[in-house]
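Hi everyone, thanks for coming along. Let me put the sequence and the model up so that we can walk through them together.

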Amino acid sequence: MTTPADRRMIEVSGTEALWLLEGSAQGRLVYVQRDLAVVRPASHVMEYGRLVVRAPVQAATIPGRALLTYQVDEIRSPAGTGWTVSAHGPADVIADPDEAAHYRRTLPGWTHGPHDTLLRVHPQQLSGFRLARTVPGAVR
């Protein structure tokens, strides 16, 4: 598959990537289980500089301080414009019952029970791109 020549990715600053992440509510949690990448839908909120993620994952599959990636995007089809942001860093399962109850009330989930996990991700790397179309006749 080839990418049309009129599409391009423009890297955004860390500040803009954080702004895009904070302005969205759903994304995808990516983690490794048995040497395979696993991707799960998730909802999130940024509070007090922390990324809290609710995902349909068993807590036992996320070892303490596991390195995770959280990916969010908004891509408009068929134009292929929009943006994408990835946050990568260690995560902890939220075990405090009061804190967990707060986030279960405020973040929608897909499942309940043992496959409904709340994580606090500590992003160490944040990257983002705007997806754009080139203007005909513009210098590249």
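Let me start with a question: is R104 buried, partly exposed or exposed? R104 is partly exposed, with a relative accessible area of 37%; buried here means under 20% relative accessible area, exposed over 50%, and partly exposed in between, using a 1.4 Å probe and protein chains only.

Before going on, a word on the source: this is a predicted model, where local features need pLDDT of at least 70 and side-chain atom pairs count only at pLDDT 80 or more, while totals for chains, interfaces and linings use all residues. Residues are numbered from 1 along each chain as its sequence is written, and side-chain values use heavy atoms, with hydrogens and water left out.

Back to R104, whose side chain meets that of D116 in a salt bridge at 3.0 Å, N to O; the term asks for a side-chain nitrogen of Lys or Arg within 4 Å of a carboxyl oxygen of Asp or Glu. Because D116 lies in the loop between α2 and β7 and R104 in helix α2, the pair ties together parts that are twelve residues apart in sequence. D116 itself is buried, at 7% relative accessibility.

Now for helix α2, residues 97-106. Helices (H or I, at least four residues) and strands (E, at least two) are DSSP runs, numbered from the N terminus. The buried residues of α2 are E99, A100 and Y103. Seen down the helix axis they fall within an arc of 100 degrees, so they line one face; the arc is that of the directions from the axis to the C-beta atoms. They pack against β3, β4 and β7, with contact meaning heavy atoms within 4.5 Å. P97, D98 and R105 are exposed on the other side.

Next, the strands. β2 and β5 pair in the antiparallel sense over three bridges, where pairing takes at least two bridges found by DSSP. R28 lies in β2 and D73 in β5, so the pair ties together parts 45 residues apart in sequence.

Q71, also found in β5, is buried at 14% relative accessibility. The side chain of Q71 makes polar contacts with R28 at 2.5 Å and with D73 at 3.3 Å. A polar contact is a pair of N or O atoms within 3.5 Å; within protein, one must be able to donate a hydrogen and the other to accept it, and residues adjacent in sequence count only if both atoms are side-chain atoms.
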